[in-house]
Amino acid sequence: MVLNGAGVRHKLVFAKMYVGSLYLAHKMDSREAVLADPGPKRVSMHILSDEVTASALIASMNNALAANLLPHELALLEKRISDLNRMMSSIKAIKRGSVVFLDYLPGTAARHRQRRGEDHDSGADFFPAMLQIWIGQTPVDGRLRDAMLGGAPRAFKLF
């Protein structure tokens, strides 16, 4: 896979939360193309803040899913979202320097893991929904969305 784009997820303008990166089989510059592509994908989050609690990450992800999916789409994914939330709750907190990967490999289930090796399997329809968090109409951070979709690179300081 190739790096499609990467950027910093900011919270409240100045707080740097993580570097979000999108990897694809080949570069694409539109949300529609990425979501329609059946090829492998990876989102990585390199944690920059001192600590990201599981509850904060869960709330952010659930809010972004609710902002980008229709109620009936959310209902279809409710069990998998609940399973992911439960798995993430068991982690408690993610420290600075940790990396979270969300992978989609065609022909297999989407896998969500942290370096500790914890996995969570879900259906292939779940990964495009998860991508909405970063590249949807209402992403968690518009600058991050643009960067992940290969927008003009911005210089950023990791630490």
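Is R80 buried or exposed, judged by its relative accessibility? At 18% relative accessibility, R80 counts as buried, where buried means under 20% relative accessible area, exposed means over 50%, and partly exposed lies in between (1.4 Å probe, protein chains only). The legends below describe a predicted model, in which local features need pLDDT of at least 70 and side-chain atom pairs count only at pLDDT 80 or more, while totals for chains, interfaces and linings use all residues. Residues are numbered from 1 along each chain as its sequence is written, and side-chain values use heavy atoms, with hydrogens and water left out.

**Figure 1. Overall arrangement of helices and strands.** The protein contains five helices and eight strands; helices (H or I, at least four residues) and strands (E, at least two) are DSSP runs, numbered from the N terminus. Along the sequence these elements follow the pattern β-β-α-β-β-α-α-β-β-β-β-α-α. Of the 159 residues, 47% are buried. A contact means heavy atoms within 4.5 Å. Among contacts between residues at least 6 apart in sequence, 62% join residues at least 24 apart.

**Figure 2. The largest nonpolar core.** A nonpolar core is a set of buried Ala, Val, Leu, Ile, Met, Phe, Trp, Tyr and Cys residues joined through side-chain atoms within 4.5 Å. The largest such core has 39 residues, of which Y18, V34, V43, L102, M130, I133 and W134 touch the most other members. Elements that each supply at least two residues of this core include strands β2 (15–24), β3 (41–47) and β6 (99–104), together with helices α2 (54–68) and α3 (71–91). Helix α4 gives the most to this core, with eight residues.

Figure 3. Strand β1 (residues 2–11) runs antiparallel to β2, and nine bridges join the two; strands pair if DSSP finds at least two bridges between them. Within this pairing, V8 stands opposite V19 in β2. Three residues lie between the strands of the hairpin, and L12 in the turn has a positive phi of about 55°.

Figure 4. Side chains of opposite charge can pair when their charged atoms come close. A salt bridge is a side-chain nitrogen of Lys or Arg within 4 Å of a carboxyl oxygen of Asp or Glu, and by this rule the count comes to nine. The side chains of R80 and D125 meet in one of them, at 2.4 Å from N to O. This pair links distant parts of the chain, with R80 in helix α3 and D125 in the loop between β8 (119–122) and α4, 45 residues apart. D125 counts as partly exposed because its relative accessibility is 44%.

Figure 5. R86 forms a salt bridge with D83, the closest N and O atoms being 2.5 Å apart. Because R86 and D83 are three residues apart in helix α3, about one helical turn separates them. R86 is exposed, with a relative accessible area of 51%, whereas D83 counts as buried at 16% relative accessibility. Salt bridges that share partners join K79, D83 and R86 into one network. In another salt bridge, the closest N and O atoms of D37 and K41 are 3.8 Å apart; both D37 and K41 are buried.

**Figure 6. The surroundings of R145.** R145 is found in helix α5. Leaving aside residues up to four places away in sequence, R145 touches R31, W134, I135, G136, Q137 and P139.
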